[in-house]
Amino acid sequence: MVKDKQAENKDGDAEMADAVYKTDAEYDAERAASILSAKQELYSLINPELAKDEGANKSGLYELRGLVTHQGASADSGHYTSYVKKQGPIDAKTGKRKEEDGKWWWFNDDKVSEVEAEKIETLSGGGMCLRELFT
């Protein structure tokens, strides 16, 4: 007779090892640490001459701030709209920009609406879903 490797309690039930689950904050911290590590590695590869240039984007990393979408059968017909990421408001006392709320402006002809970032993530075009850019 082969014995099960799990310990049995007095009722004959197998005892399960305590599972450890991560919180969203722990996942977010791991993701942030991973991004920081990748950026540090990228910065270590920058040409020293380029690093001296104050105005240069040394990493080549950019944040998506706006996009144009098209609905229709071809570029000659259909409808174009655009999205622009909202900036945080300027603090009147300090003159510095406050934190962004993550929302976007949607420009659709004469209508301007505020939309959540999730709307941007669901857009697709050119065979690639923008969600892939956010993950």
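Hi everyone. Contact here means heavy atoms within 4.5 Å. Keep that in mind for Val 115, which, leaving aside its neighbours within four places in sequence, is in contact with Tyr 83, Lys 103, Trp 104, Trp 106 and Ile 120.

A quick word on the model. It is a predicted one, where local features need pLDDT of at least 70, side-chain atom pairs count only at pLDDT 80 or more, and totals for chains, interfaces and linings use all residues. Residues are numbered from 1 along each chain as its sequence is written, and side-chain values use heavy atoms, with hydrogens and water left out.

Now, the inside. Val 115 belongs to the largest nonpolar core, together with Leu 67, Tyr 83, Trp 104, Ala 117, Ile 120 and Leu 123. Such a core is a set of buried Ala, Val, Leu, Ile, Met, Phe, Trp, Tyr and Cys residues joined through side-chain atoms within 4.5 Å; buried is under 20% relative accessible area, exposed over 50%, and partly exposed in between, with a 1.4 Å probe and protein chains only.

Next, the strands, which are DSSP runs of E, at least two residues, numbered from the N terminus. Pairing requires at least two DSSP bridges between two strands. Strand 2 (residues 77-85) runs antiparallel to strand 3 (residues 104-108), joined by four bridges, and Ser 82 faces Phe 107 in strand 3. Strand 3 also pairs with strand 4 (residues 111-115), antiparallel again, over five bridges; there, Trp 106 stands opposite Ser 113. Two residues separate strands 3 and 4 in a hairpin, and Asp 109 in the turn has a positive phi of about 55°.

Finally, Val 84 sits in strand 2. Is Val 84 buried or partly exposed? Partly exposed, because its relative accessibility is 35%. Thanks, all!
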